Amino acid sequence: MLFRVAIAFACLFIIAGVAGQPAGDTALAVQQTIAPVTSLIATNHEYDNGTGIDLIWVPSIDDRLAPSRVTGYEVWRSVVGGSGSRIAELPAGANKFTDEQCSRESTYVYSVVAISVAGNAVSISTAPIQPAREWINLHRLNLLAIAFLVSAAVIYFIQSARSGKKLFVRKIAGLDAVDDAIGRATEMGRPILFIPGIQDMDDVQTIAAITILGRVSRVVADYDTKIKMPVSRSLVMTAARETIKASYMAAGRPDAYNDDMVSYVTDEQFGYVAAVDGIMVREKPATCFYLGAFFAESLILAETGNSVGAIQIAGTAMPAQIPFFVAACDFALIGEELFAASAYLSNEPKQLGSLKGQDVGKAVALVVIVVGTMAATIGSAWDVTFMNQLWSALKVVFQTN
Amino acid sequence: MTEALVVTGTNLGVVISLALIAGGVIWLLVRSLKGKEVERRVIFGFVLIAVSAPILFPITFHEQISPVVKAVFDKIESLPAGSTVAISFDFDPAMAPEVQPMANAFTRHCFAKGHKVVFLSIWATGQSLLTSTLDTVVRREFPEKRERIDWVNLGYKAGNQGVLNVIVSDLRKMYPTDVNAVPLDSIPMLAEVKAFRDLSLILAVGGGFPGPKEWVLYVGDPGNVPIAAGAAAVTAPQLYPYYPRQLIGILGGIKSAAEYESAMVDKYPQFDSVDKPGLRMMGPQTLAHMVIMMFIIIGNIVFFRSKRMRSQL
Amino acid sequence: MKREVPLFITFFVGTLLIASVFIPPAESWGENFSVYFDIIAVFAFFLGGGNLLRIHLQKVASKRPDWGYSIVTLVAFLVMLAAGLFKLGNPGGISGNLTTAQSWFQILFQNIMSPLGSTMYALLAFFVASASYRAFRAKNRDATILLVAAFIILLGRTPFGTMLTSWIPPQYDLLQVPNLAIWIMSGPNLAGQRAIMIGIGLGIVSMSLRILLGIERTYLGDDR
């Protein structure tokens, strides 16, 4: 009797010990108290650099009970000719996984282990699979087509403007005021302050600001007005200096240029704001330009500028800051107008042509929004098959992820 | 509904400041009827009283949780215990008073639910603020939670959105070690986390660039990871286009932080005694909003009076 | 030649990076280029820091107006630089973690930099009030809509909004001020934001094309 009890305890310990180990080949040794996952299939992950394999399976039948007897799943991977290892732990209910840590040179075999309190169950392994590399991401073909359409429209209008076709570009009050604003500073004998946002040269808004600076500094050089440009990024400082220097050269006044027109302050957002506010209060600029990427500092700068009586022209593509500029500045360029500004100020036909090209993109967006909204509404309200199909088709074309 | 106005604390100071503000506003109203503009220093004076009085004599309101905030709370609640969640501190000291209460509340909530937390920052200034959360919340309130087993501090990495672009698919390429140079491969809680796409949830707290929007663009969408945002009030409207599909919820400004703290106390009464800066700061915010509304009314009276006076001339 | 080389680099790298979006083996190029940019930006800091030193030293040396502020700037810059560079006061020495509580850098950061930054940010409370006073006036129909929306949002962000409209029956709960505020944010605000974002996106495409094709070259200091 004692012997039988001892044997029973020994068996219990062995079972408990095995069940507590990470599931692997040994998991098969335990009595399977839950069903394993079935139909485990491994396929190559599409349109990657040969680093991914997709796994899909039907979860264990015991996972469909309420409450589920499965506590989770483990994904195991072994390289053919090598050892296996656990690569992921997934919650109950999971039925797919993408292994993104593969190498194109290796062939892999996968298995999925269903975990439960009572014990684990290992699936049948997949067939050996080697990830493959694709050279074109067909999932992004729609994006390519849209980019091509908009670019083609822009280039077409640039060409047609070059050939002498007259293009209508609506008036932008903020840009029409640039000359007057600089003239005012000249008459008052006070400086112009140009703030190019607080981002670096890798932000397209900063580049837009520098292109406008080119136009502004040309007028400044002609009028012999003082310009002051504190910046918060070193690279912006060097780019701005080059731009202003070239404008002074073009105006035939290289002697009037000096490097101190542009000075670096600090990368720290509010340290920069403090410095710019200080400059405003001390030097009382007659005109302030705030063009580029702005964050919470927009209103602090614009209100300080307002308090010193400056004419203020602002422009940003940061949607959250536009209302502040609209409220506190005399003129505000809203979103796309910032990018259009340089072309508008240049008045060159080929530059203006590019603005016209944008309108094609806007027209497409407008039509798609109207048609899509109608299709989704009619399709869901009256269950019209054609409308539902149209809605699905639009989603396929315009959804990028 | 009226429980929203359950006011606690010393009310005398508030009564005095309210009386001051009311008296001043009546004086300004009388002036505005004559078409006289208010000088900006006067406006600043009123804001100063409205903001400082509730700080000196604290009052708190009970906040009702709004759906956008509740979505974040419910998501953390619904994750199975032991899930790995990341909290990113993408802000600077200036923004900290507004968004750090959110980061602290998220940290408390995750630990209360038994989740493992990955702390990081993609703002240079965020690392020090992250350290302060570790000292004031994690080590003080959850001493039983062990570093590198229940939480890990990855620290700051330069590169803005470039960092996000990499960690979504390969964490170790950008962060081979944690902040104390311990290799990630030797950290037990990260054994299964090869990339940020393996996380159950990312809580992006910030408001500038890079911030929650970049987390959506570079990690949430490509990696199919749920992301929730904690943002400064001025930047929150910019995040609404991403809600609810790309951002599961948004905490915007102190009001949302206060709502979250209220929800935390309702669900976990043990946190009633901890500091709740969100709720604390709702007093100043409420009075400041009232003062601003008063000035908008006064501004309009001045405008219409001046218009009428001009037309009579 | 001075203009042609940068224009060629812009065209070549820009086209390459656009192509890399559609070619899986090239997808990492974008990441690599952003890392290269950061490396260059870090080195550019020497230019910025050097410029800061030069300008303020000149100001102090020639005792130009307000030169006292320049001394404060110089001292703050050099002390913070030394504290961070040499990890002063750090228990782990030069190889320790810079953000430990005892390091000078952390002490300066927490006790000087943080409060100063917060103070600047807090100015927003005052400026929002003065800007609202000036801007939210019912001058015309559009301005009136803006005024009403601002009022609802302001009220909706306070407990008074809940109190004032809590009597509205649940079936009309959208009319309660906090819900109206949420509706404005997630309805009209969202629509406006998206429209602006579409415009911005197209503006970026157009401007990028102008730069890639060399039509826009003002950023290179050329306004031909």
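Buried area is the accessible area (1.4 Å probe) that two parts lose on being put together, summed over both. The structure is a predicted model, in which local features need pLDDT of at least 70, side-chain atom pairs count only at pLDDT 80 or more, and totals for chains, interfaces and linings use all residues. Residues are numbered from 1 along each chain as its sequence is written, chains are lettered from A and ligands numbered from 1 in the order in which they are written, and side-chain values use heavy atoms, with hydrogens and water left out.

Chain A and chain C bury about 5300 Å² between them. Carbon and sulfur atoms give 70% of that area. In chain A, the residues that lose the most area to chain C are Tyr264(A), Glu303(A) and Phe339(A). Together they account for 10% of what that side buries. Contact (heavy atoms within 4.5 Å) joins 75 residues of chain A to 58 residues of chain C.

Between chain A and chain C there are 5 salt bridges, each a side-chain nitrogen of Lys or Arg within 4 Å of a carboxyl oxygen of Asp or Glu. Arg140(A) forms a salt bridge with Glu27(C). Their closest N and O atoms are 3.2 Å apart. The side of chain A that touches chain C holds 38 nonpolar, 17 polar and 20 charged residues. Here Ala, Val, Leu, Ile, Met, Phe, Trp, Tyr, Cys and Pro count as nonpolar, Asp, Glu, Lys and Arg as charged, and the others, Gly among them, as polar.

The interface of chain B and chain C takes 57 residues from chain B and 46 residues from chain C. It buries about 4700 Å², 70% of it on carbon and sulfur atoms. The count here is 1 salt bridge. Glu37(B) pairs with Arg137(C) in a salt bridge, the closest N and O atoms being 3.0 Å apart. Several helices (DSSP runs of H or I, at least four residues, numbered from the N terminus) give two or more residues to the side of chain B that touches chain C, including helix 2 (40–56), helix 9 (253–267) and helix 10 (277–312) of chain B. Helix 10 of chain B gives the most, with 16 residues. By class, this side of chain B divides into 33 nonpolar, 18 polar and 6 charged residues.

Chain A also holds an open sheet of 3 strands (DSSP runs of E, at least two residues) in the order 1-2-5, with antiparallel pairing. Strands pair if DSSP finds at least two bridges between them. Strand 2 (residues 53–58) and strand 5 of chain A pair over 4 bridges. Ile56(A) stands opposite Lys96(A) in strand 5 of chain A.
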